[in-house]
Amino acid sequence: MPTKQVSIRHHYVPVFYLKRWLLGGDRIVEFSRPYGDKVKPRRTHPSGTGYVDRLYELRGLPPELAQQVEENIFRPVDTRAADVLEDLHAGHGPRDARDRMAWTQFLVSMLMRNPEELRSMKDAYARHWRLSNKKYERKYQMQRRESDPPTFAKYLAATPEVIVELQAMKAFVSSLSAERTSKHIFRMKWGHFEMPFTAPALLTSDRPLVTEGFAKEDSYLIVPIGPKRIFYAVNTHATADRLMMLTPNELVQRVNLAVTARANKFVYGATDHAIDFVQKHMSADPALPMSEKFGTNHKVRKVRRRDMEMIEKMLSET
C-alpha cells in the first residue's frame, strides 16, 4: 500500500483566506521588507506566501507522525472555515452551531498559529522546563531509578532538546483550544457586511484580527475577509451601532491601519495601490506574542516517567 504523501509546507496565513484577494486572476500582492526598511510588492499565488516549511513539525518523530499538527489540526480547521467563508461571501453567515464553532476555531487559530507565537512559546517552555522545586524533587526521588541523575534539576538539565520541544508542541496544541476565548467569541454578536464600490479596498496581513481583548463591554473583533467585506463580533449591539456610524472610508482606514501596523512580515492586497500606505505604517505597532505571559499563567507540565520512556522508545526506533 503506497505511503500517504504529507506536505511540509505549513501555511500560517491560510490559502483559502488569501484567495479572497484575487481579483479575476491568480495573483495577490504581498508587501514585505526583504531588504532593510523599504517595502517591496510581489505578485504571488496565495499558496506562495504566508508559510514556513515544517513549521508545526513534531521533530524527532517518524515521518508518518511528524506532520500530525498540520494534518490533524490546522487542515481540518481550515477546511471547515473555508466553507463558512464561502457562505459569508454569499451573504448567509454561519448556518448553525457547527458552522459557528468552525469559524470560532479558525479565528482563535489565527491568534496562535504564526511563527512568532510558536517560537516565543517554545522559548518560554524551554526556559521554564529547567526549573525545579521541592514538590517536583520529592516526587522524583520517589520514582528515581539507580541509573537516573541524583536530583530532578539534573534530570531536567539532561533531557534531550527534542523531548523538550515535543512537550512544548504539546503545550502549543493544547493552547489552540483557548477554551475561555473560544467560548466568548462563540457567544458574541456576529455580523458581516460588504463595503460599497466607492470605498477603498481592504488590506489584510499575517496578523489580520483587529481586537484589543474581549472582556470589556465595548470589546470587538474585526477581520477583513476580502477587499470589500468585513466580519465583526461584538459584545453589545451598541458597539455594532457605533461601528456602523463610521463612514465606509473611515472604517476601511481604521481596519487597514490596524492590520498593517500589527503585521509582522507580510501585508496583502488585491493590487499594489496601497504601497505608500504600507510603507508608512507596516509593523508600526507589531502584535506581541500571547505567550509573553506564558511563564506567569501557564504551568509547565513536567514529563512523567511513562512519557519519557515512550519518547525514548520512539527515538530509538527511528
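## Reading helices and rings in a predicted model

Modeller: Let's start with the fold as a whole: of the contacts in the protein with a separation of 6 or more, 73% join residues 24 or more positions apart. Contact here means heavy atoms within 4.5 Å. This is a predicted model, in which local features need pLDDT of at least 70 and side-chain atom pairs count only at pLDDT 80 or more, while totals for chains, interfaces and linings use all residues. Residues are numbered from 1 along each chain as its sequence is written, and side-chain values use heavy atoms, with hydrogens and water left out.

Biologist: Thanks! How many helices and strands does the protein have?

Modeller: Helices (H or I, at least four residues) and strands (E, at least two) are DSSP runs, numbered from the N terminus. Here there are 14 helices and ten strands.

Biologist: At what angle do helix 3 and helix 4 pack?

Modeller: Axes are lines fitted to C-alpha atoms, for helices over the stretch in contact, and angles run from 0 to 180 degrees between N-to-C directions. For helix 3 (residues 68-89) and helix 4 (residues 97-112), the angle is about 115 degrees, and the axes are 8 Å apart. Helix 3 brings residues including F74, V77 and L88 to this contact, and helix 4 brings W103 and F106 among others.

Biologist: How many aromatic pairs does the structure hold?

Modeller: Rings of Phe, Tyr and Trp (its six-membered ring) pair if their centres lie within 6.5 Å; planes under 30 degrees apart count as stacked, over 60 as edge-to-face and the rest as tilted. The structure holds 16 such pairs. Take Y56 and F74: their ring centres are 4.4 Å apart and their planes are at 40 degrees, so the pair is tilted. Y56 belongs to the loop between strand 4 (51-53) and helix 2 (63-66), and F74 to helix 3, so the pair ties together parts 18 residues apart in sequence.

Biologist: Which residue lies over the face of Y51?

Modeller: A charge sits over a ring if NZ of Lys or CZ of Arg is within 6 Å of the ring centre and within 35 degrees of the ring normal. R9 lies over the face of Y51, 4.0 Å from the ring centre. Likewise, the charged end of R100 is over the ring of F186, at 5.7 Å from its centre.
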